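Student: I would like to read this model one feature at a time. Please give the rule first and then the case.

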Amino acid sequence: MKLLVPAFLLLLTVWSFQLPFSIPDLLSVSQHQHTHYTKLDPKDQPIDLLQYKDDVVIRVSLANSPALKEFLTRKDIQFNKWGKNNNQQTVDIQINEEELMKLIEKFPSLEYHTIIEDLPQRIYETFPLQEQPVLTKDEDFHAQSELFFREYRELSTINAWLDLLQSTYPDVVKLEDIGDTFEHRKLNVVHFSVPNDDIEHSDKKTIVITGGVHAREWISVSSTLYLIYQLIKLYNTWPNSKILTQLDFLFIPVTNPDGYEYTWTTDRLWRKNRQETPIPKCFGIDIDHSYGYHWTKSSDWACGEEYSGEFPFEAFESRLWDEYLNNTNKDHSIYGYIDLHSYSQEILYPYAYSCNQQPRDEENLIELAWGIAKSIRMKSGTNYNVLPACIDKDSDLLPDLGSGSGLDYMYHNRAFWAYQFKLRDTGGHGFLLPAKYIEPVGDEMVAAILYFCKFILSDDR
């Protein structure tokens, strides 16, 4: 008896050999397709999407145009910088169509192409299709976690998941409230530590991993949470592994809870925290410009995305973290610091504030970074570039752009090894990476952190 194959399955089979994604990907897209936001009643939109209606994201070539680079640095037109590729000499900017016309008039030979045309729709598609799940202690933690990582999650759901995690694994997970933000939200540190009778707790090497410093970088939050979950799974299967018994882990999944909440309720592309500034109606300090090592007041004004505040540690979150390290965690040896961001697929090493300052053990920093990049490539085929943070921050062009970073502060004062990872992608989605990439990116970070931990354990210091 001959088996007849339906035409659509045959077509899908043919496509699977021609396209860079699999049949499950296609089916997943069809099952999770968002309607167009214009067909929604405004009250059914997750936030006001019309605020982005006339905005596009473009990639501008800076090659052979010093005048254009200087013009964009001065911000004589209104735009938000998303990312920059120094190798290709391009910059990604979010710009209103009217402002784009002004830019073209100023530079008639402007080389650019549009990365994101329908920005409101792309923003809408990062929000979950269904309501946030209700996480309860009466149901299996792992079953609920499988659902949890299918979409990006708002702050209240994240906190509920962390509470459930602690109640399920009280012997190894402890949530530490290290203080209140400007808007009176808790800044939570997740302390993951497996008891080991053979090693004093204070003798363990500590690994610090942070996410969500910049509010719009949702993939950094989900990746930090995913790392915690995978450590729990490792604990279930191999509780005596050296990574668990000889290392302590401190996670801050949402370093900027006020800003993160704001991206879910008001502006998906908000970057800073939400505290008051000297200028009325201008809110927020860039937390990653607020640390007290080589802090310099930024040239950006208080309404700008890279505003540093008026003095070091003015941002509530950087101050709370500094106080926590000084007062309650000073006896721990912090060997590793990883700060997760997006986007551009880069591994950055110190220093950010200056390209003229050579970090200690620079060759080892670079060697380890390339080892981490290789571990990611072996896991997924995704390429991560390695470069000094000063180049990424453009501190060679404007020194205050790299000042006061958490990377420099932790490397100089606390950690033997310190990096900032910029996660996927390289610009096709930017800060609006679809939720279907949460687990693939999370798996990349698991490979990276496992390699990093094995290196820490083999280090003689």
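Student: Is Asp-286 buried or exposed?

Tutor: A residue is called buried under 20% relative accessible area, exposed over 50%, and partly exposed in between (1.4 Å probe, protein chains only). Asp-286 has a relative accessible area of 1%, so Asp-286 is buried. Keep in mind that this is a predicted model, in which local features need pLDDT of at least 70 and side-chain atom pairs count only at pLDDT 80 or more, while totals for chains, interfaces and linings use all residues. Residues are numbered from 1 along each chain as its sequence is written, and side-chain values use heavy atoms, with hydrogens and water left out.

Student: Which residue forms a salt bridge with Asp-286?

Tutor: A salt bridge is a side-chain nitrogen of Lys or Arg within 4 Å of a carboxyl oxygen of Asp or Glu. The partner of Asp-286 is Arg-271, and their closest N and O atoms are 2.8 Å apart. Both residues sit in the loop between helix 10 and helix 11, 15 residues apart, and the pair links distant parts of the chain. Helices (H or I, at least four residues) and strands (E, at least two) are DSSP runs, numbered from the N terminus. Arg-271 also counts as buried, because its relative accessibility is 11%.

Student: How many salt bridges are there by this rule?

Tutor: The count is 16. One of them joins the side chains of Glu-323 and Arg-319, at 3.5 Å from N to O. These two residues lie in helix 11, 4 residues apart, which is about one turn of the helix. Glu-323 is partly exposed at 33% relative accessibility, and Arg-319 is partly exposed at 28%. A salt bridge also joins Lys-43 and Asp-44, at 3.7 Å from N to O. There, Lys-43 is exposed, with a relative accessible area of 66%, whereas Asp-44 is partly exposed at 48%. Asp-177, Asp-180 and Lys-186 are linked in a network of salt bridges.

Student: How many disulfides does a search of the whole structure find?

Tutor: A disulfide is a covalent bond between the sulfur atoms of two cysteines. The rule used here is a pair of cysteine sulfur atoms within 2.5 Å. The search finds 2 disulfides. Cys-282 is joined to Cys-303, with an S to S distance of 1.4 Å. Both cysteines are in the loop between helix 10 (257-265) and helix 11 (316-327), 21 residues apart, and the pair links distant parts of the chain. Cys-282 is buried, with a relative accessible area of 5%, while Cys-303 is partly exposed at 32%.

Student: Where does the link of Cys-355 and Cys-390 lie in the chain?

Tutor: Cys-355 and Cys-390 form a disulfide with their sulfur atoms 2.1 Å apart. Cys-355 is in the loop between strand 10 (346-349) and helix 12 (362-380), and Cys-390 is in helix 13 (residues 389-393), 35 residues apart. The angle about the S-S bond is 110°, and the link is right-handed. Cys-355 is partly exposed at 38% relative accessibility, and Cys-390 is buried at 3%. With the bonded cysteines of the protein chain numbered in sequence order, the pairing reads 1-2, 3-4.

Student: Which residues of the largest nonpolar core touch the most other members?

Tutor: A nonpolar core is a set of buried Ala, Val, Leu, Ile, Met, Phe, Trp, Tyr and Cys residues joined through side-chain atoms within 4.5 Å. The largest one has 118 residues, of which Trp-161, Phe-192, Trp-321, Tyr-419 and Phe-421 touch the most other members. Its largest share, 11 residues, comes from helix 8 (residues 218-237). Domain 1 (48-125) and domain 2 (141-457) both give residues to this core, so the core lies between them. The domain bounds come from an automatic or database domain assignment. Another core, of 16 residues, lies apart from it and has Val-56, Val-60, Leu-68 and Leu-110 among its members.

Student: What do the end C-alpha atoms of helix 15 show about its span?

Tutor: The expected span of a helix is 1.5 Å times one less than its number of residues. Helix 15 (residues 438-458) has 21 residues and should span 30 Å; its end C-alpha atoms are 30 Å apart, which agrees. Its buried residues include Val-441, Met-445, Phe-452 and Cys-453. Cys-453 has a relative accessible area of 1%.
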